[in-house]
Amino acid sequence: MSEIYQPTSRLLRLDVPERAATEGASLRELERELERTPAGPDFLDITYADTHRFPPDSWVLDEFVKAASGAGMTYTPYRGDAGVRRAVAEHVSAFLGEQLDPDGEIILTPGTQAGLYTALSAIIEPGDTVVLPDPDYITSERSVRYLGADVHPVPLLWPEGESPRLDLDVLAAGLRQEPKLVMLSHPNNPTGAVFDPSHVAEIAALVADSSALLLVDQLYSRLVYDGKPFAHMISESGMRSRTITTLGPSKTESLSGYRIGMAVAPPEIIDRMEDVMSVAALRCPAYAQHVLTRWLDDDTGYVAKRIGEYQSLRDVSVAALSEIPGVDVRPAGGSAYLFPGFPGIDATDQEVAIALKRDAGLVVNPGYQFGPRGRKHFRICFAQDEKAWGAALKRMAAVLHSFPRA
């Protein structure tokens, strides 16, 4: 078979072979090594939330069953059921502070991941440049490289005792190269960083003064802690006409298995995203779309309770990790992730991830998956059953204690 089939060059770019110079292997080679590592006892995958402990709101399944029983269309338009889009437009407009056109500015997608890929496919082409924070979401750089574009990284800075921020000097330098797109997650995945509204305005002002579009993944924008304000990029001066925003209920609202998300963008971009959808997935799952009619409206009390539960788990996790010699951790301002660094431990990301899986039964995301500045970190999702999580943190600490100090 190997004589007949050879992977395409775009598939090989997903490996990010450039990282071999610093990591000793491509990203996919490292990931496959981690995947092959046998898991130890008390197995727990902490790369995602426990949706059994934190299930969706009570009305979700009823809405899905109602749609599947005849109330919903089986085949919807590529950009989504018109009635669902009208409801989504009403609720998302209130959330973002911008009045949206359900027919021209909204598309429903098979999860937020598909929204990101569909938007990228509609915007960039080989040879373009995309400005991307470092670290950022696990598939961002890979998707950009898969589509043949180059990445201009911008450091995400988070000194102890200060608010997180992008390096504006590096961002400005990148924008002077006339990139096609600036892409970022906010809250940041993997760190959970939430930018102060004043810093969001600074980023927006630089982008608005350039020729670039902005793609912002706001999947966790409802899941913000400590009463911190959250500013939407689309609402900043000059940004409505150049911003693509992806949103969805898969994380905060525990609807990952329903594969529903959405994007807000200028009409000409939505039209092209629909073209991509027509050859990639046709449409967002038809019956699941109807769950979105009550999203951002009937679940406000549910989300408030969820924020309180997750914030308690965050605080317990930060306290436990902070007691481990050689480990440094910032409390996430949003999302369900922490991104502990281990500058005082003599080990690589891969060695730590393998040891945690083999000896503690814990699957984590090694930091190299999120960009070069992710090295010497690992990402964990603290949205876990409290009874299992306490024991998991103790096993994690034991493994990290077993490494020599740097």
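**Exercise 1.** Determine how many aromatic pairs a search of the whole structure finds, and describe the geometry of the pair formed by Phe339 and Phe370.

*Solution.* Rings of Phe, Tyr and Trp (its six-membered ring) pair if their centres lie within 6.5 Å, with planes under 30 degrees apart called stacked, over 60 edge-to-face and the rest tilted. The search of the whole structure, a predicted model, gives eight aromatic pairs. In one of them, Phe339 and Phe370 lie 5.6 Å apart centre to centre with 85° between the planes, an edge-to-face arrangement. This pair links distant parts of the chain, 31 residues apart: Phe339 is in the loop between β10 (337–338) and α13 (349–360), and Phe370 in the loop between β12 (365–366) and β13 (378–381). Helices (H or I, at least four residues) and strands (E, at least two) are DSSP runs, numbered from the N terminus.

The model requires pLDDT of at least 70 for local features and 80 or more for side-chain atom pairs, while totals for chains, interfaces and linings use all residues. Residues are numbered from 1 along each chain as its sequence is written, and side-chain values use heavy atoms, leaving out hydrogens and water.

**Exercise 2.** Classify the pair of Phe342 and Phe378, and state whether Phe342 is buried or exposed.

*Solution.* At 6.2 Å centre to centre and 35° between the planes, Phe342 and Phe378 form a tilted pair. Phe342 is buried because its relative accessibility is 0%, where buried means under 20% relative accessible area, exposed over 50% and partly exposed in between (1.4 Å probe, protein chains only). Phe378, at 1%, is buried as well.
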